[in-house]
Amino acid sequence: MTQPWTPDILGEGFEQQTLKLDGGATATLVRYLGVAPEWLAVSGEIPDDAGIDADVLYFFQKHVAEFWHRAGASFYALDLHNYGRSLSPGMVPGFVTNLADYDADIEAALSAMGRSGVSGVDRPLILLGHSTGGLTLSLWAARHPGIASAVILNSPWLEFQATELGRRAIAPLVGLHARLHPLTPLPPVDPGIYTRAVSATLDGEWDYNLEWRPDRGFPITPAFLDAVFRGQATVAAGLGIEVPVLVLLSDKSYLQPKWSADALTADVALNVDAVAHRALSLADTVTVSRLPNAFHDIFLSPEPVRRQAFERIGRWLPMALQASNAEAWEARTAGL
C-alpha cells in the first residue's frame, strides 16, 4: 500500500513519504515542490530556461533542493533505513553489513518517484551522493546499468584515509571483528572538528538536527566499516559505470586530531588525494573537480565555494546528459 505524502520538517514546499521495506524497516523519501530563493538567480549558474527535465535523487540539504528546482529538475532525497527520518528508537544508527542492503531503499524510492524500471521513463535520472552515500550510489549504479543518466558525487568515501595499502592491511582484522562482534563500537576517530566547522553554534553557519548527526558522529561499528571496506575494494577493482560521473572534492585535507583554523578550508574526513585517484576507477568517463577551500560536504562549504560548485555542475551536466543519450548523440553527429 502506497503511503501518503505528508509535510516534512524542512518546511514549505517539502513533503515526505515513508517507504515500507522487507523485514519491517523503513526508508523515507522527501520531495521538494517549492520556489527557489533569489540568491540562485546569479549569472554563471543554471539559468531559468535551461530546462533540465530530469529526476534527481540525493541524500541532502535544503538549499541543494532549491538549486535543482530552479534548474527545472524534480528533486527527491532519501533517508536510508537506520538514518535520519528513518531512524527509530532501538535501531543502531547507520548499521549495515553490506552496502547492497540499501538496494531495497533505492528501488522503493525510484518506484515512489514513478520509476519502477528502465522502460517507459523518458526523464533522465541524476544520482547525487555524499561521503558513504556516494560510495553506495556508485556501487548501485554499476550493478544497475541503464537506469541512471549521470552520477554526481560530493566527496565520496571511495578510499580509506590511510590509502589503499592501509585499507588492505587492516581489512582482514576488521572483517574478523565484523563476524565476531559486529555491533561493538570501534574507538572514536571524530574529535568534533567537522561539527565545529559547520555548526552555527560554533564556527559554522548551519543548523541541523543533532539526533541525526551528533557532534562526533555516530559510533562506527565493525560491521559498518567492513561493509565500507568491501565496497571500496570493489571500486578499486574497477566499477565500469556506464554513464558520466562528476566527482566534487576539496583541494586539500586536514586530518589532524586537534582543532586548527585550517579545518575551515579543507576536508576533515577524507584523504582527498587518495579519493581523487580512486575516482578514476569508477567509469570510463570521470570528471574530477577540485574546489579550493571546500569542506567535506561541498554543499556546506562557505557560500563562495558552494556557489562555485553549483556553477561547475551547471556547466558539466548538460553535456553529460547529452552524452548519455546515445540516440540523440548519434542524430546530432550524423554526417560529421
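Student: Is Ala 269 buried, partly exposed or exposed in this model?

Tutor: Relative accessibility under 20% counts as buried and over 50% as exposed, with partly exposed in between. In this predicted model, Ala 269 has a relative accessibility of 24%, so this residue counts as partly exposed.

Student: Where is Ala 269 found, and which residues does Ala 269 touch?

Tutor: Ala 269 lies in the loop between strand E8 (245–250) and helix H7 (272–279). Leaving aside residues up to four places away in sequence, Ala 269 touches Gln 161, Leu 255 and His 296. Ser 131 is 138 residues apart from Ala 269 in sequence, and the two are 9.0 Å apart in space, C-alpha to C-alpha.

Student: How is the packing of two helices described?

Tutor: Two packed helices are described by the angle between their axes and by the distance between those axes. Here, helix H2 (residues 103–112) packs with helix H3 (residues 132–143) at an angle of about 75°, and their axes are 11 Å apart. Angles of 65 to 115 degrees count as roughly perpendicular, and H2 and H3 are therefore roughly perpendicular to each other.

Student: Which residues of H2 and H3 meet?

Tutor: From H2, Asp 103, Ile 106, Glu 107 and Leu 110 meet Leu 137, Trp 140 and Arg 143 of H3. By class, this contact has four nonpolar, no polar and three charged residues.

Student: Why is helix H1 described as largely enclosed by the rest of the structure?

Tutor: Helix H1 (residues 62–71) is described in this way because eight of its 10 residues are buried. Among them are Val 64, Phe 67 and Trp 68. Just after H1, Gly 72 takes a positive phi of about 100°.

How values were computed: Residues numbered from 1 in each chain as written. Predicted model: local features only at pLDDT ≥ 70, side-chain atom pairs only at ≥ 80, totals over all residues. Heavy atoms only, no water. Buried < 20%, exposed > 50% of the residue type's maximum accessible area, 1.4 Å probe, protein only. Helix = DSSP H or I, 4+ residues; strand = E, 2+ residues; numbered from the N terminus. Contact = heavy atoms within 4.5 Å. Axes fitted to C-alpha atoms, helices over the stretch in contact; angles between N-to-C directions. Parallel < 35°, antiparallel > 145°, perpendicular 65-115°, else oblique. Nonpolar A, V, L, I, M, F, W, Y, C, P; charged D, E, K, R; others polar.
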